[in-house]
Amino acid sequence: MYDVLKVRRDFPILEREVNGRPLVYLDNAATSQKPLQVIRTLSRYYERHNANIHRGVHRLAEEATGLYEEARGKVARFIGAPDPRGLVFTRGTTESINLVAHAWGRKNLREGDEVVLTEAEHHSNLVPWQLAARDTGARLRFIPVLDDGTLDMEAAEHLIGPRTRLVGCVHASNVLGTVNPVERLAELAHEAGALMLVDGAQSAPHLPVDVTSLGCDFFAASGHKMLGPTGVGFLWARPELLEEMEPFLGGGEMIREVRLERSTWNEIPYKFEAGTMNIAQAIGLGAAVDYLGSLGMESVREHERRLGAYAYRRLAGVEGITLYGPAENRTGVVAFNLPEVHPHDLSQLLDQEGVAIRSGHHCCQPLMRRLGVVATARASLYLYNTEEEVEALVEAIARAREFFEAPA
Ligand SMILES: Cc1ncc(COP(=O)(O)O)c(CN[C@@H]2CONC2=O)c1O
(Lines give C-alpha, C1' and ligand atoms only; values in the text may rest on other atoms or scores of the structure.)
Protein backbone atom coordinates (compact mmCIF):
# COMPACT_ATOMS: atom_id res chain seq x y z
CA MET A 1 0.00 0.00 0.00
CA TYR A 2 1.05 3.62 -0.46
CA ASP A 3 0.96 6.63 1.88
CA VAL A 4 -2.28 8.47 0.95
CA LEU A 5 -1.25 11.68 2.74
CA LYS A 6 2.04 11.70 0.83
CA VAL A 7 0.16 11.08 -2.45
CA ARG A 8 -2.24 13.93 -1.71
CA ARG A 9 0.69 16.34 -1.72
CA ASP A 10 1.05 15.59 -5.46
CA PHE A 11 -2.44 17.02 -6.10
CA PRO A 12 -2.35 20.78 -5.41
CA ILE A 13 -6.10 21.16 -6.01
CA LEU A 14 -6.82 19.02 -2.95
CA GLU A 15 -5.45 21.87 -0.82
CA ARG A 16 -8.23 24.14 -2.07
CA GLU A 17 -11.05 25.56 -0.03
CA VAL A 18 -14.58 25.71 -1.46
CA ASN A 19 -17.17 28.01 0.14
CA GLY A 20 -14.77 28.58 3.02
CA ARG A 21 -14.40 24.86 3.75
CA PRO A 22 -11.68 22.36 2.79
CA LEU A 23 -12.51 20.78 -0.57
CA VAL A 24 -13.71 17.19 -0.24
CA TYR A 25 -13.61 15.99 -3.86
CA LEU A 26 -15.81 12.91 -4.27
CA ASP A 27 -16.77 13.21 -7.98
CA ASN A 28 -13.98 11.08 -9.46
CA ALA A 29 -16.27 9.00 -11.66
CA ALA A 30 -16.95 12.25 -13.58
CA THR A 31 -13.28 13.22 -13.80
CA SER A 32 -10.21 12.70 -11.63
CA GLN A 33 -7.80 15.33 -10.33
CA LYS A 34 -4.30 15.59 -11.84
CA PRO A 35 -0.94 15.12 -10.08
CA LEU A 36 1.88 17.63 -10.48
CA GLN A 37 3.75 15.00 -12.51
CA VAL A 38 1.04 15.19 -15.21
CA ILE A 39 0.67 18.98 -15.02
CA ARG A 40 4.45 19.48 -15.30
CA THR A 41 4.68 17.03 -18.22
CA LEU A 42 2.12 19.08 -20.15
CA SER A 43 3.94 22.35 -19.36
CA ARG A 44 7.35 20.90 -20.20
CA TYR A 45 6.07 19.58 -23.53
CA TYR A 46 4.82 23.03 -24.55
CA GLU A 47 7.90 24.73 -23.11
CA ARG A 48 10.46 22.51 -24.80
CA HIS A 49 9.14 19.95 -27.31
CA ASN A 50 6.01 21.29 -29.00
CA ALA A 51 5.75 20.49 -32.72
CA ASN A 52 3.42 18.61 -35.01
CA ILE A 53 4.14 14.89 -35.21
CA HIS A 54 5.00 12.19 -37.75
CA ARG A 55 5.61 14.25 -40.86
CA GLY A 56 8.00 16.93 -39.66
CA VAL A 57 11.69 16.40 -40.49
CA HIS A 58 13.11 18.79 -37.92
CA ARG A 59 14.46 18.00 -34.44
CA LEU A 60 11.47 19.32 -32.52
CA ALA A 61 9.07 17.25 -34.65
CA GLU A 62 11.18 14.17 -33.99
CA GLU A 63 11.13 14.85 -30.23
CA ALA A 64 7.35 15.39 -30.20
CA THR A 65 6.80 12.24 -32.26
CA GLY A 66 9.03 10.24 -29.94
CA LEU A 67 7.15 11.43 -26.86
CA TYR A 68 3.76 10.71 -28.49
CA GLU A 69 4.70 7.19 -29.58
CA GLU A 70 6.36 6.55 -26.19
CA ALA A 71 3.01 7.44 -24.58
CA ARG A 72 1.26 4.95 -26.85
CA GLY A 73 3.60 2.21 -25.69
CA LYS A 74 3.09 3.15 -22.02
CA VAL A 75 -0.70 3.01 -22.31
CA ALA A 76 -0.56 -0.27 -24.24
CA ARG A 77 1.61 -1.85 -21.54
CA PHE A 78 -0.65 -0.43 -18.80
CA ILE A 79 -3.58 -2.48 -20.12
CA GLY A 80 -1.46 -5.52 -20.98
CA ALA A 81 -1.82 -5.01 -24.73
CA PRO A 82 0.83 -7.13 -26.46
CA ASP A 83 1.10 -4.88 -29.52
CA PRO A 84 0.96 -1.03 -29.40
CA ARG A 85 -0.35 -1.05 -32.99
CA GLY A 86 -3.69 -1.97 -31.42
CA LEU A 87 -3.71 1.20 -29.30
CA VAL A 88 -5.59 4.08 -30.96
CA PHE A 89 -5.64 7.49 -29.26
CA THR A 90 -9.10 9.10 -29.27
CA ARG A 91 -10.79 11.93 -27.37
CA GLY A 92 -12.16 9.48 -24.82
CA THR A 93 -14.43 6.50 -24.22
CA THR A 94 -17.31 8.06 -26.13
CA GLU A 95 -15.27 8.56 -29.30
CA SER A 96 -13.65 5.14 -28.91
CA ILE A 97 -16.98 3.33 -28.86
CA ASN A 98 -18.34 5.45 -31.70
CA LEU A 99 -15.26 4.45 -33.70
CA VAL A 100 -16.12 0.75 -33.22
CA ALA A 101 -19.83 1.27 -33.95
CA HIS A 102 -18.94 3.09 -37.18
CA ALA A 103 -15.78 1.44 -38.46
CA TRP A 104 -16.70 -2.11 -37.42
CA GLY A 105 -20.49 -1.90 -36.93
CA ARG A 106 -21.52 -0.27 -40.20
CA LYS A 107 -19.37 -2.75 -42.16
CA ASN A 108 -20.31 -5.95 -40.34
CA LEU A 109 -23.84 -5.63 -38.96
CA ARG A 110 -26.74 -6.78 -41.14
CA GLU A 111 -30.55 -7.06 -40.89
CA GLY A 112 -31.38 -9.56 -38.14
CA ASP A 113 -27.95 -9.48 -36.49
CA GLU A 114 -27.96 -8.76 -32.75
CA VAL A 115 -25.83 -6.61 -30.46
CA VAL A 116 -26.15 -7.61 -26.80
CA LEU A 117 -25.66 -4.84 -24.23
CA THR A 118 -26.82 -4.46 -20.60
CA GLU A 119 -29.41 -2.33 -18.80
CA ALA A 120 -26.53 -0.60 -16.96
CA GLU A 121 -24.74 0.92 -19.95
CA HIS A 122 -23.61 4.54 -20.05
CA HIS A 123 -25.22 6.37 -22.97
CA SER A 124 -21.86 6.29 -24.79
CA ASN A 125 -22.09 2.48 -25.01
CA LEU A 126 -25.76 2.54 -25.95
CA VAL A 127 -26.56 5.43 -28.31
CA PRO A 128 -23.80 4.59 -30.84
CA TRP A 129 -25.28 1.07 -31.08
CA GLN A 130 -28.81 2.47 -31.44
CA LEU A 131 -27.56 4.51 -34.40
CA ALA A 132 -25.70 1.51 -35.87
CA ALA A 133 -28.81 -0.70 -35.45
CA ARG A 134 -30.98 1.96 -37.11
CA ASP A 135 -28.58 2.16 -40.08
CA THR A 136 -27.97 -1.58 -40.53
CA GLY A 137 -31.21 -3.26 -39.44
CA ALA A 138 -29.46 -4.99 -36.56
CA ARG A 139 -31.32 -5.47 -33.26
CA LEU A 140 -30.26 -4.56 -29.72
CA ARG A 141 -30.81 -6.99 -26.81
CA PHE A 142 -30.20 -6.20 -23.13
CA ILE A 143 -28.89 -8.24 -20.22
CA PRO A 144 -31.03 -7.30 -17.20
CA VAL A 145 -29.64 -5.90 -13.94
CA LEU A 146 -30.70 -7.84 -10.83
CA ASP A 147 -32.02 -6.09 -7.70
CA ASP A 148 -28.58 -6.32 -6.05
CA GLY A 149 -27.00 -4.40 -8.94
CA THR A 150 -25.27 -7.37 -10.56
CA LEU A 151 -25.97 -8.66 -14.06
CA ASP A 152 -28.42 -11.50 -14.69
CA MET A 153 -25.85 -13.91 -16.10
CA GLU A 154 -28.44 -16.67 -16.60
CA ALA A 155 -30.32 -14.33 -18.92
CA ALA A 156 -27.00 -13.46 -20.59
CA GLU A 157 -26.48 -17.13 -21.49
CA HIS A 158 -29.86 -17.16 -23.24
CA LEU A 159 -29.49 -13.75 -24.92
CA ILE A 160 -26.05 -14.40 -26.44
CA GLY A 161 -26.53 -16.82 -29.31
CA PRO A 162 -26.10 -17.51 -33.04
CA ARG A 163 -27.49 -14.10 -34.08
CA THR A 164 -25.14 -12.20 -31.75
CA ARG A 165 -22.36 -10.30 -33.54
CA LEU A 166 -21.08 -8.19 -30.63
CA VAL A 167 -21.48 -8.11 -26.85
CA GLY A 168 -20.84 -4.75 -25.16
CA CYS A 169 -20.60 -4.29 -21.41
CA VAL A 170 -19.49 -1.70 -18.89
CA HIS A 171 -16.59 -3.21 -16.91
CA ALA A 172 -17.35 -1.17 -13.76
CA SER A 173 -20.68 0.67 -13.46
CA ASN A 174 -20.48 4.47 -12.97
CA VAL A 175 -23.67 4.24 -10.90
CA LEU A 176 -23.76 0.87 -9.17
CA GLY A 177 -20.04 0.42 -8.64
CA THR A 178 -20.50 -3.17 -9.76
CA VAL A 179 -17.49 -4.85 -11.35
CA ASN A 180 -19.13 -6.97 -14.07
CA PRO A 181 -17.91 -10.44 -15.17
CA VAL A 182 -16.75 -9.30 -18.61
CA GLU A 183 -14.38 -12.27 -18.86
CA ARG A 184 -17.37 -14.63 -18.76
CA LEU A 185 -19.31 -12.47 -21.21
CA ALA A 186 -16.31 -12.58 -23.57
CA GLU A 187 -16.36 -16.40 -23.37
CA LEU A 188 -20.08 -16.46 -24.16
CA ALA A 189 -19.57 -14.00 -27.03
CA HIS A 190 -16.73 -16.02 -28.56
CA GLU A 191 -18.64 -19.32 -28.17
CA ALA A 192 -21.39 -17.67 -30.24
CA GLY A 193 -18.88 -16.40 -32.81
CA ALA A 194 -19.32 -12.79 -31.64
CA LEU A 195 -16.89 -10.07 -30.52
CA MET A 196 -16.60 -8.51 -27.04
CA LEU A 197 -16.34 -4.76 -26.34
CA VAL A 198 -15.54 -3.56 -22.83
CA ASP A 199 -16.33 -0.02 -21.69
CA GLY A 200 -13.34 0.51 -19.40
CA ALA A 201 -14.01 4.15 -18.45
CA GLN A 202 -14.50 3.24 -14.76
CA SER A 203 -12.19 0.24 -14.62
CA ALA A 204 -8.93 1.39 -16.26
CA PRO A 205 -8.47 4.10 -13.55
CA HIS A 206 -9.39 1.82 -10.68
CA LEU A 207 -8.52 -1.83 -11.36
CA PRO A 208 -5.58 -3.73 -12.81
CA VAL A 209 -6.63 -4.29 -16.46
CA ASP A 210 -5.17 -6.92 -18.77
CA VAL A 211 -7.02 -7.04 -22.09
CA THR A 212 -5.54 -10.46 -22.84
CA SER A 213 -6.89 -12.06 -19.64
CA LEU A 214 -10.19 -10.18 -20.06
CA GLY A 215 -10.43 -11.89 -23.44
CA CYS A 216 -12.02 -8.83 -25.03
CA ASP A 217 -11.65 -7.67 -28.62
CA PHE A 218 -12.18 -3.95 -27.94
CA PHE A 219 -11.42 -1.93 -24.77
CA ALA A 220 -12.29 1.78 -24.43
CA ALA A 221 -11.24 4.27 -21.74
CA SER A 222 -10.79 8.00 -21.01
CA GLY A 223 -7.60 9.70 -19.89
CA HIS A 224 -9.32 12.35 -17.76
CA LYS A 225 -10.71 9.70 -15.41
CA MET A 226 -7.29 8.20 -14.75
CA LEU A 227 -5.24 11.26 -13.69
CA GLY A 228 -4.75 12.34 -17.33
CA PRO A 229 -5.86 15.52 -19.11
CA THR A 230 -9.22 15.93 -20.81
CA GLY A 231 -9.29 15.44 -24.59
CA VAL A 232 -7.52 12.10 -24.71
CA GLY A 233 -8.62 8.53 -24.31
CA PHE A 234 -7.96 5.33 -26.17
CA LEU A 235 -9.43 2.38 -27.95
CA TRP A 236 -7.51 -0.88 -27.79
CA ALA A 237 -8.50 -3.49 -30.36
CA ARG A 238 -6.97 -6.70 -31.60
CA PRO A 239 -4.73 -5.44 -34.47
CA GLU A 240 -6.21 -7.88 -36.98
CA LEU A 241 -9.63 -6.30 -36.38
CA LEU A 242 -8.25 -2.81 -36.95
CA GLU A 243 -6.61 -4.02 -40.17
CA GLU A 244 -10.03 -5.21 -41.47
CA MET A 245 -11.98 -2.15 -40.34
CA GLU A 246 -12.73 0.87 -42.52
CA PRO A 247 -11.42 4.27 -41.34
CA PHE A 248 -13.59 6.22 -38.89
CA LEU A 249 -12.54 9.80 -39.79
CA GLY A 250 -10.97 10.88 -43.10
CA GLY A 251 -8.21 13.45 -43.48
CA GLY A 252 -4.48 13.90 -43.04
CA GLU A 253 -2.25 11.24 -41.44
CA MET A 254 -4.74 8.39 -41.96
CA ILE A 255 -3.87 8.09 -45.68
CA ARG A 256 -1.09 6.47 -47.72
CA GLU A 257 -1.89 7.85 -51.21
CA VAL A 258 -4.61 10.33 -52.15
CA ARG A 259 -6.02 10.73 -55.66
CA LEU A 260 -8.97 12.91 -56.65
CA GLU A 261 -11.31 9.93 -56.84
CA ARG A 262 -10.05 7.68 -54.05
CA SER A 263 -7.31 7.15 -51.48
CA THR A 264 -5.50 4.35 -49.76
CA TRP A 265 -5.02 4.14 -46.03
CA ASN A 266 -2.13 4.42 -43.64
CA GLU A 267 -1.13 1.44 -41.48
CA ILE A 268 -2.72 0.89 -38.08
CA PRO A 269 -3.09 2.62 -35.68
CA TYR A 270 -2.61 5.75 -37.84
CA LYS A 271 -5.52 4.77 -40.10
CA PHE A 272 -7.69 5.79 -37.13
CA GLU A 273 -5.81 8.93 -36.09
CA ALA A 274 -6.94 11.53 -38.64
CA GLY A 275 -5.65 15.09 -38.50
CA THR A 276 -3.57 16.65 -35.74
CA MET A 277 -4.16 14.59 -32.64
CA ASN A 278 -4.23 15.83 -29.05
CA ILE A 279 -0.46 15.41 -28.85
CA ALA A 280 0.21 17.07 -25.50
CA GLN A 281 -2.75 15.31 -23.89
CA ALA A 282 -1.57 11.89 -25.07
CA ILE A 283 1.88 12.61 -23.61
CA GLY A 284 0.14 13.75 -20.41
CA LEU A 285 -1.75 10.45 -20.33
CA GLY A 286 1.59 8.65 -20.56
CA ALA A 287 2.68 10.56 -17.43
CA ALA A 288 -0.60 9.60 -15.71
CA VAL A 289 0.04 5.94 -16.49
CA ASP A 290 3.56 6.30 -15.09
CA TYR A 291 2.08 7.75 -11.89
CA LEU A 292 -0.51 4.98 -11.53
CA GLY A 293 2.21 2.43 -12.21
CA SER A 294 4.35 3.94 -9.43
CA LEU A 295 1.52 3.34 -6.95
CA GLY A 296 0.59 -0.05 -8.41
CA MET A 297 -2.95 -0.77 -9.59
CA GLU A 298 -3.32 -3.59 -7.05
CA SER A 299 -2.65 -0.99 -4.32
CA VAL A 300 -5.08 1.47 -5.92
CA ARG A 301 -7.71 -1.29 -6.12
CA GLU A 302 -7.12 -2.31 -2.48
CA HIS A 303 -7.31 1.30 -1.23
CA GLU A 304 -10.62 1.83 -3.04
CA ARG A 305 -12.00 -1.54 -2.01
CA ARG A 306 -11.39 -0.71 1.64
CA LEU A 307 -12.50 2.93 1.42
CA GLY A 308 -15.52 2.02 -0.73
CA ALA A 309 -16.61 -0.62 1.79
CA TYR A 310 -16.11 1.92 4.62
CA ALA A 311 -18.17 4.54 2.76
CA TYR A 312 -20.89 1.98 1.96
CA ARG A 313 -20.99 0.94 5.63
CA ARG A 314 -21.10 4.52 6.99
CA LEU A 315 -23.74 5.60 4.47
CA ALA A 316 -25.82 2.49 5.23
CA GLY A 317 -26.02 3.87 8.78
CA VAL A 318 -27.80 7.02 7.54
CA GLU A 319 -31.48 6.65 8.46
CA GLY A 320 -33.80 6.12 5.52
CA ILE A 321 -31.04 6.15 2.90
CA THR A 322 -31.29 3.96 -0.23
CA LEU A 323 -27.96 2.65 -1.48
CA TYR A 324 -27.63 1.24 -5.02
CA GLY A 325 -25.31 -1.56 -6.10
CA PRO A 326 -23.83 -4.59 -4.37
CA ALA A 327 -22.17 -4.41 -0.95
CA GLU A 328 -19.20 -6.42 -2.26
CA ASN A 329 -17.06 -6.53 -5.40
CA ARG A 330 -17.59 -2.86 -6.12
CA THR A 331 -15.44 0.13 -6.96
CA GLY A 332 -15.46 3.36 -4.95
CA VAL A 333 -18.67 4.56 -6.65
CA VAL A 334 -21.60 4.83 -4.23
CA ALA A 335 -24.97 6.07 -5.53
CA PHE A 336 -27.68 6.81 -2.99
CA ASN A 337 -30.93 8.66 -2.33
CA LEU A 338 -32.56 10.16 0.76
CA PRO A 339 -36.36 9.93 1.04
CA GLU A 340 -37.02 13.60 1.68
CA VAL A 341 -34.21 15.37 -0.21
CA HIS A 342 -33.91 15.56 -4.01
CA PRO A 343 -30.35 14.59 -5.04
CA HIS A 344 -29.82 17.95 -6.78
CA ASP A 345 -30.75 19.82 -3.59
CA LEU A 346 -28.54 17.51 -1.55
CA SER A 347 -25.51 17.99 -3.81
CA GLN A 348 -25.98 21.79 -3.69
CA LEU A 349 -26.10 21.77 0.10
CA LEU A 350 -23.07 19.49 0.26
CA ASP A 351 -21.24 21.90 -2.05
CA GLN A 352 -21.91 24.64 0.52
CA GLU A 353 -19.86 22.49 2.91
CA GLY A 354 -17.04 21.98 0.38
CA VAL A 355 -18.13 18.43 -0.46
CA ALA A 356 -18.27 17.74 -4.23
CA ILE A 357 -20.48 14.85 -5.33
CA ARG A 358 -22.62 14.39 -8.44
CA SER A 359 -26.39 14.16 -8.79
CA GLY A 360 -28.47 13.27 -11.81
CA HIS A 361 -28.93 10.30 -14.12
CA HIS A 362 -25.16 9.95 -14.75
CA CYS A 363 -25.82 9.36 -18.48
CA CYS A 364 -27.57 6.11 -17.54
CA GLN A 365 -31.27 6.96 -17.98
CA PRO A 366 -32.34 3.35 -18.73
CA LEU A 367 -30.61 2.26 -15.51
CA MET A 368 -32.40 5.00 -13.54
CA ARG A 369 -35.72 3.59 -14.82
CA ARG A 370 -34.62 0.09 -13.82
CA LEU A 371 -33.88 1.45 -10.33
CA GLY A 372 -37.26 3.21 -10.25
CA VAL A 373 -35.77 6.69 -9.83
CA VAL A 374 -35.20 9.78 -11.98
CA ALA A 375 -31.83 10.60 -10.44
CA THR A 376 -29.46 9.69 -7.64
CA ALA A 377 -26.75 11.36 -5.62
CA ARG A 378 -23.35 9.78 -6.20
CA ALA A 379 -20.07 9.90 -4.32
CA SER A 380 -17.12 8.41 -6.21
CA LEU A 381 -13.81 7.83 -4.47
CA TYR A 382 -10.31 7.57 -5.83
CA LEU A 383 -6.74 6.78 -4.76
CA TYR A 384 -6.26 10.09 -2.90
CA ASN A 385 -9.49 10.09 -0.84
CA THR A 386 -9.47 9.32 2.89
CA GLU A 387 -11.75 8.02 5.63
CA GLU A 388 -11.82 11.57 7.03
CA GLU A 389 -13.38 12.69 3.74
CA VAL A 390 -16.00 9.95 4.00
CA GLU A 391 -16.77 11.25 7.51
CA ALA A 392 -17.07 14.79 6.10
CA LEU A 393 -19.59 13.47 3.57
CA VAL A 394 -21.68 11.69 6.23
CA GLU A 395 -21.63 14.76 8.52
CA ALA A 396 -22.58 17.08 5.64
CA ILE A 397 -25.50 14.79 4.76
CA ALA A 398 -26.69 14.96 8.37
CA ARG A 399 -26.55 18.80 8.30
CA ALA A 400 -28.38 18.86 4.95
CA ARG A 401 -31.19 16.79 6.47
CA GLU A 402 -31.44 19.13 9.44
CA PHE A 403 -31.75 22.01 7.00
CA PHE A 404 -34.68 20.35 5.25
CA GLU A 405 -36.33 19.20 8.48
CA ALA A 406 -35.94 22.56 10.24
CA PRO A 407 -39.41 24.22 10.68
CA ALA A 408 -39.96 27.01 8.12
C1 LIG B 1 -18.99 3.93 -17.70
C2 LIG B 1 -18.73 5.14 -18.56
N3 LIG B 1 -18.62 4.98 -19.90
C4 LIG B 1 -18.38 6.03 -20.71
C5 LIG B 1 -18.25 7.31 -20.20
C6 LIG B 1 -17.96 8.45 -21.17
O7 LIG B 1 -16.65 8.92 -20.93
P8 LIG B 1 -16.17 10.26 -21.67
O9 LIG B 1 -17.16 11.32 -21.29
O10 LIG B 1 -14.78 10.51 -21.14
O11 LIG B 1 -16.20 9.95 -23.15
C12 LIG B 1 -18.36 7.52 -18.83
C13 LIG B 1 -18.25 8.92 -18.27
N14 LIG B 1 -18.71 9.07 -16.96
C15 LIG B 1 -19.69 10.09 -16.68
C16 LIG B 1 -19.20 11.49 -16.93
O17 LIG B 1 -19.60 12.22 -15.71
N18 LIG B 1 -20.08 11.34 -14.75
C19 LIG B 1 -20.09 10.07 -15.24
O20 LIG B 1 -20.36 9.08 -14.61
C21 LIG B 1 -18.60 6.43 -17.99
O22 LIG B 1 -18.68 6.56 -16.64
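User: Let's start with Y382. Is it buried or exposed?
Analyst: Y382 is buried, with a relative accessible area of 0%. One thing to keep in mind as we go: this is a predicted model.

User: Thanks! And Y384, buried or exposed?
Analyst: Y384 counts as buried, at 0% relative accessibility.

User: How are the rings of Y382 and Y384 arranged, and why is the pair called that?
Analyst: Their ring centres are 5.6 Å apart and the planes make an angle of 65°. The pair is edge-to-face because planes over 60 degrees apart count that way.

User: How many aromatic pairs are there? And which residues make up the cluster with Y382 and Y384?
Analyst: The count comes to seven aromatic pairs. F11, Y291, Y382 and Y384 form one aromatic cluster.

User: Okay, on to sheets. What is the strand order in the sheet of seven?
Analyst: The order is β4-β10-β9-β8-β7-β5-β6, in an open sheet with mixed pairing. β4 (87–90) and β6 (139–143) are at the edges and have a single partner strand each, so one side of each lacks a neighbour in the sheet. From one strand to the next, the twist averages 20°.

User: Which way do β8 and β9 run, and how many bridges join them?
Analyst: β8 (residues 195–199) and β9 (residues 218–222) run parallel, and three bridges join them. As an example, D199 has A220 in β9 as its bridge partner.

User: Which helices lie across those strands?
Analyst: Two to look at are α4 and α5. Helix α4 (residues 93–108) lies across β4, β7 (164–170), β8, β9 and β10 (233–237), and runs at about 150° to β9. Helix α5 (residues 127–136) lies across β5 (114–118), β6, β7 and β8, at about 145° to β6.

User: Where does E114 sit, and is it buried or exposed?
Analyst: E114 lies in strand β5. E114 is buried, with a relative accessible area of 5%.

User: What is E114 in contact with?
Analyst: Setting aside neighbours within four places in sequence, E114 is in contact with R139, R141, L159, R163, T164, R165 and L166.

User: Changing topic: where is D83?
Analyst: D83 is in the loop between α3 (59–78) and β4. D83 is partly exposed, with a relative accessible area of 22%.

User: What does D83 touch, beyond its neighbours in sequence?
Analyst: Leaving out neighbours within four places in sequence, D83 is in contact with W236 and P239. D83 and P239 are 156 residues apart along the chain, yet their C-alpha atoms are separated by 7.7 Å.

User: How many residues of β17 are buried?
Analyst: Five of the five residues in β17 (residues 376–380) are buried. T376, R378 and S380 point one way, while A377 and A379 point the other way.

User: Which residues pair with R378?
Analyst: A335 stands opposite R378 in β17, and R358 has R378 as its bridge partner. Four bridges join β14 (residues 333–337) to β17, and β16 (residues 358–360) pairs with β17 over three bridges.

Definitions and conventions. Residues numbered from 1 in each chain as written. Predicted model: local features only at pLDDT ≥ 70, side-chain atom pairs only at ≥ 80, totals over all residues. Heavy atoms only, no water. Pairing = 2+ DSSP bridges. Axes fitted to C-alpha atoms, helices over the stretch in contact; angles between N-to-C directions. Contact = heavy atoms within 4.5 Å. Phe/Tyr/Trp six-rings, centres within 6.5 Å; stacked < 30°, edge-to-face > 60°. Buried < 20%, exposed > 50% of the residue type's maximum accessible area, 1.4 Å probe, protein only.
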